[in-house]
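Please examine the sequence and the structure below.

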Amino acid sequence: MADDGAVLALTRQLIARRSLTPDDAGCCALIADRLRALGFGIEYIDAGGVTNLWATLGDEGPLLILAGHTDVVPTGPREHWASDPFDPTVREGVLYGRGAADMKSGLAAMVCATERIVARRALRGTLAYLITSDEEGAARHGTRHAVAVLQSRGIRPDYAIVGEATASSQLGDRITIGRRGSLGCNLRVLGRQGHVAYPDKADNPVHRLAPALAELVAIRWDEGNDHFPPTSFQVSNVNAGTGANNVIPGHADVVFNFRYCTESSADGLKSRVTAILDRHGLRYEADWWHSGEPYLTAPGRLIDAAQSAVRETTGLTPTLFTGGGTSDGRFISPWGAEVVEIGPVNDSIHKVDEHVNVTDLPRLSAIYEGVIDRLL
Ligand SMILES: [Zn+2]
């Protein structure tokens, strides 16, 4: 295992670039310089102020994509951090900084793994990087866009490794092989405002909404499957009322979200909700948002390679996880690739004092090297 501090050095350089989503802040250029020196062809598929780097080495054999993002979430107030979030700082063997775990260490570990493989002249097949600066934000002009462009050229990947932080309590204890889909709705139930003493002259939208909502909350949408828990429906906001205690409001607003598994589809869930609202005779406006289809990678060469490489480096057999939020794996999987997400411990991501263990950096890089070696 190469333990020359190379991954730490590159991670620090990336953290020092203030790449608040969707600003890349020069991270992709830094990575592109390193890859260009190895012989990679470099291309930018930018859109809407978002930086998307596409870099490839080789032009035959299986295509393996290393995927990730350079953007980070906001830090919150500086004084909540023990050290400046954009001034990478090591204290007692731990590297602190925004993006330390999500996911600048993953990117650095991938680049250093690639450098070692190229130095060994061990590459058989095509290795590519797909890196965006729009994963934490709207994610409209990021991986989604780049995949559409590459797909239209007839490019088809066999495998993808996303460097998101996936480990639970120690490096190698968990990798992600799928994610749930996310579907949400801002629902406004319409009524007619009036005096509570004259309900016949008004139409109370809260009373209309309540039985429909009770039905939605009670439904079991599916049974889940071996890899996913059942689809969950959660109400996050309910608002109605003028503030006066004697006024029937004119409308009632609800926000709800589905985290759904591969047994359900966005369209199917939408039409089931719509049927219930209609059956209850509601007048309403529904504003749906769909932030990602679920994906699941079936057992195969990639999962085998990932588990074996993790075991070789850490001695742990990683559990195969499908929970958590969405990731850009949702855009790469429908492109036809087997996708796994492998990265450092995720318990500090999006928090103050985000961090990664310094000793995990070369080990993560060795895991990536091991997976690439097994596939290409
Ligand atoms: Zn991330």
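The largest cavity is lined by Ala67, Gly68, His69, Glu135, Thr143, Val162, Glu164, Asp328 and Ile332. On a 1 Å grid over the protein atoms alone, a cavity is a set of points where a 1.4 Å probe fits but cannot get out, and a lining residue has an atom within 4 Å of a point. This is a predicted model, in which local features need pLDDT of at least 70, side-chain atom pairs count only at pLDDT 80 or more, and totals for chains, interfaces and linings use all residues. Residues are numbered from 1 along each chain as its sequence is written, and side-chain values use heavy atoms, with hydrogens and water left out.

The largest cavity holds about 40 Å³ of space, a volume being the space filled by probe spheres set on grid points that are joined across faces, edges and corners. Strand β3 (residues 63-69) contributes the most to this lining, namely three residues; strands (E, at least two residues) and helices (H or I, at least four) are DSSP runs numbered from the N terminus. The lining consists of three nonpolar, three polar and three charged residues. Here Ala, Val, Leu, Ile, Met, Phe, Trp, Tyr, Cys and Pro count as nonpolar, Asp, Glu, Lys and Arg as charged, and the others, Gly among them, as polar.

Attention may now turn to Thr132, which is placed in strand β6 (residues 126-132). Is Thr132 buried or exposed? Thr132 counts as buried because its relative accessibility is 1%, and buried means under 20% relative accessible area (1.4 Å probe, protein chains only). Beyond its neighbours within four places in sequence, Thr132 is in contact (heavy atoms within 4.5 Å) with residues including Gly68, His69, Thr143 and Asp328. Its side chain also makes a polar contact of 2.6 Å with that of Asn52.

A further space is the largest pocket, with a volume of about 460 Å³. A pocket is an open set of points with protein on both sides within 12 Å along at least five of seven lines. Its lining comprises 24 residues, of which Glu135, Glu136, Arg179, Gly325 and Thr326 lie nearest the centre. The elements giving two or more residues to that lining are β8 (174-176) and β15 (284-292).

Finally, the protein chain as a whole has nine helices and 19 strands. Its C-alpha atoms fill a box of roughly 80 × 45 × 40 Å, taken along the principal axes. Of its 376 residues, 52% count as buried.

How values were computed:
Buried < 20%, exposed > 50% of the residue type's maximum accessible area, 1.4 Å probe, protein only. Polar contact = N/O pair within 3.5 Å; in protein donor to acceptor, adjacent residues only side chain to side chain.
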